[in-house]
Amino acid sequence: MTRTAQNLANEWKSHPRWQGITRGYRAEDVVRLRGTVQVEHTLARLGAEKLWRYLKEKPFVNALGALTGNQAMQQVKAGLDAIYLSGWQVAGDANLSGQMYPDQSLYPADSVPHVAKRINSALQRADELHHAEGNDSIDWFKPIIADAEAGFGGVLNAFELMKQMIEAGAAGVHFEDQLSSAKKCGHMGGKVLVPTQEGVNKLVAARLAADLCDVPSVLIARTDAESATLITSDVDERDRPFIVRAGLDAAVARGLAYAPYADLLWCETGVPDVADARHFAEGIHRQFPGKLLAYNCSPSFNWKKKLSDTEIAKFQRELAAMGYKFQFVTLAGFHALNYSMFELARGYKESQMSAYVELQQREFAAESSGYTATKHQREVGAGYFDDVTQVINAGTSSITALKGSTEEAQFATAKR
């Protein structure tokens, strides 16, 4: 049902979801720009509602970066409540140009939405095949939080990219305040900030896109002001005290400016430091009590060099107590993929099939914990499509794939 501008304005004013959120435009603007047909974005809507509920109800939500649909499936099966989709990983191994890039926004701008769609397609297939088998014990549609970088341009680029994220089924999206044309990984040098107002404008653009799509997307504002040493202009008075002084105070100032327009705030930092995290959180919460925060538990940090085992073990719980409700390891998929394959290849070079069989035996052993990818044909849906074939042929087909397969004959008894 199409909502009137007054209905929409009333919802923004009264619904708890929008408490403390400033839009910078009117409900009449949204209704005028929506067009006459309201396309339903089911996965994005369900994911956004689920993510917001998790952030409010759970002590914290932690996620690992995934760069393939199968990695996301394994994360969900293992019990994680969200999936992080890193632009860094897309640059490195999953972008539409077919190239391997560093994290400098060199890839096509629609690459992250494309991977979000791939992940959601994999999760949908997992849901279909498990439901067909009569097993609905897993909620496969866990929310995806996707990286919009610095928006790949100006506010219109950010607006269009946000729409693409929603169309792909992303639940949450983050934008950072770097200059798009010189964007760097948060842990590289040479980062250039845009004026604070430009950062605000991109958040407004992203929120407008979500409102036009009628999806309550979770919007995360990231600032790189803690370590960036360059800025494009001193036009914004809020930036002038920090023109030659990067650091946490500059990050807090930017966070305070972004807070009314974003659902969560993220300060990119150079080390995993509880005191620094507390400094940022307290600076934000003095003006915006209870504002939700996000934290990058980055693989760029040498964790054991910076923290003891005891400190590492309690790190995420301590952050959660400060309000960091979304915490994520950005490049987990990249490192898990590369290390596991290197170890397998090294063993295979030295001991041939013995190394591969060792991997296979570890897979069999993991089945007691819920791992199912040992049966790789079934994992990707062979049984589901056998079922579809039989339905089409009224149960008379003799060309189904799993019956009589090597997997059926050998893997059913593998554990025994």
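This report walks through the cores, helix packing and a few individual residues of a predicted model.

In this predicted model, local features need pLDDT of at least 70 and side-chain atom pairs count only at pLDDT 80 or more, while totals for chains, interfaces and linings use all residues. Residues are numbered from 1 along each chain as its sequence is written, and side-chain values use heavy atoms, with hydrogens and water left out.

## The nonpolar cores

A nonpolar core here is a set of buried Ala, Val, Leu, Ile, Met, Phe, Trp, Tyr and Cys residues joined through side-chain atoms within 4.5 Å. Buried means under 20% relative accessible area, exposed means over 50%, and partly exposed lies in between, using a 1.4 Å probe and protein chains only. The largest nonpolar core has 86 residues, and those with the most contacts inside it are Leu85, Met162, Phe175, Leu265, Phe280 and Tyr324. Helix α8 (residues 196–212) gives the most to this core, with nine residues. Helices (H or I, at least four residues) and strands (E, at least two) are DSSP runs, numbered from the N terminus. A second, separate core has 18 residues, including Tyr54, Leu55, Ala63 and Ile145.

Not counting residues up to four places away in sequence, Phe280 is in contact (heavy atoms within 4.5 Å) with Ala251, Val252, Leu265, Cys267, Leu293 and Tyr324.

## Two helix pairs

Two packed helices are described by the angle between their axes and the distance between the axes. The axes are lines fitted to C-alpha atoms, for helices over the stretch in contact, and angles run from 0 to 180 degrees between N-to-C directions. A crossing is left-handed if the near helix is turned anticlockwise from the far one by less than a right angle, and right-handed if clockwise.

| Helix pair | Angle | Axis distance |
|---|---|---|
| α6 (residues 111–132) and α16 (residues 382–392) | about 65 degrees | 9 Å |
| α9 (residues 248–258) and α10 (residues 274–285) | about 35 degrees | 9 Å |

Helix α6 passes α16 in a left-handed crossing. Here Arg125, Glu128, Leu129 and Ala132 of α6 meet Tyr384, Phe385 and Asp387 of α16. Sorted by class, this contact of α6 with α16 has four nonpolar, no polar and three charged residues. In these counts Ala, Val, Leu, Ile, Met, Phe, Trp, Tyr, Cys and Pro are nonpolar, Asp, Glu, Lys and Arg are charged, and the others, Gly among them, are polar.

Helix α9, in turn, passes α10 in a right-handed crossing. From α9, the contact uses Leu248, Asp249, Ala251, Val252, Gly255 and Leu256, and from α10, Asp276, His279, Phe280, Gly283 and Ile284. The class count for α9 with α10 is six nonpolar, three polar and two charged residues.

Ala277 also sits in α10, and counts as buried because its relative accessibility is 3%. Leaving aside neighbours within four places in sequence, Ala277 is in contact with Tyr295, Leu319, Met322 and Tyr324. The C-alpha atoms of Ala277 and Glu318 are separated by 9.7 Å, although the two are 41 residues apart along the chain.

The expected span of a helix is 1.5 Å times one less than its number of residues. Helix α7 (residues 155–167) has 13 residues and reaches 18 Å from its first C-alpha to its last, close to the 18 Å expected. Its buried residues are Ala158, Phe159, Leu161, Met162, Met165 and Ile166. Among the elements covering them are α3 (42–57), β3 (144–147), β4 (172–176) and β6 (218–223), along with α6 and α8. Just after α7, Gly169 takes a positive phi of about 95 degrees.

The 14 residues of α14 (residues 353–366) should span 20 Å, and its end C-alpha atoms are 20 Å apart, which agrees. Ala355, Gln360, Glu363 and Phe364 are buried in α14, and their cover includes α13 (332–351).

## Individual residues worth a look

Glu149 lies in the loop between β3 and α7, with a positive phi near 55 degrees in a residue other than glycine. Glu149 counts as buried because its relative accessibility is 0%. Ala394, in the loop between α16 and α17 (406–410), also has a phi near 55 degrees. Ala394 is exposed, with a relative accessible area of 68%.

Arg378 is found in helix α15 (residues 376–379) and counts as buried at 16% relative accessibility. Beyond its neighbours within four places in sequence, Arg378 is in contact with Lys77, Leu129, His130, Glu133, Thr372, Leu402 and Glu407.
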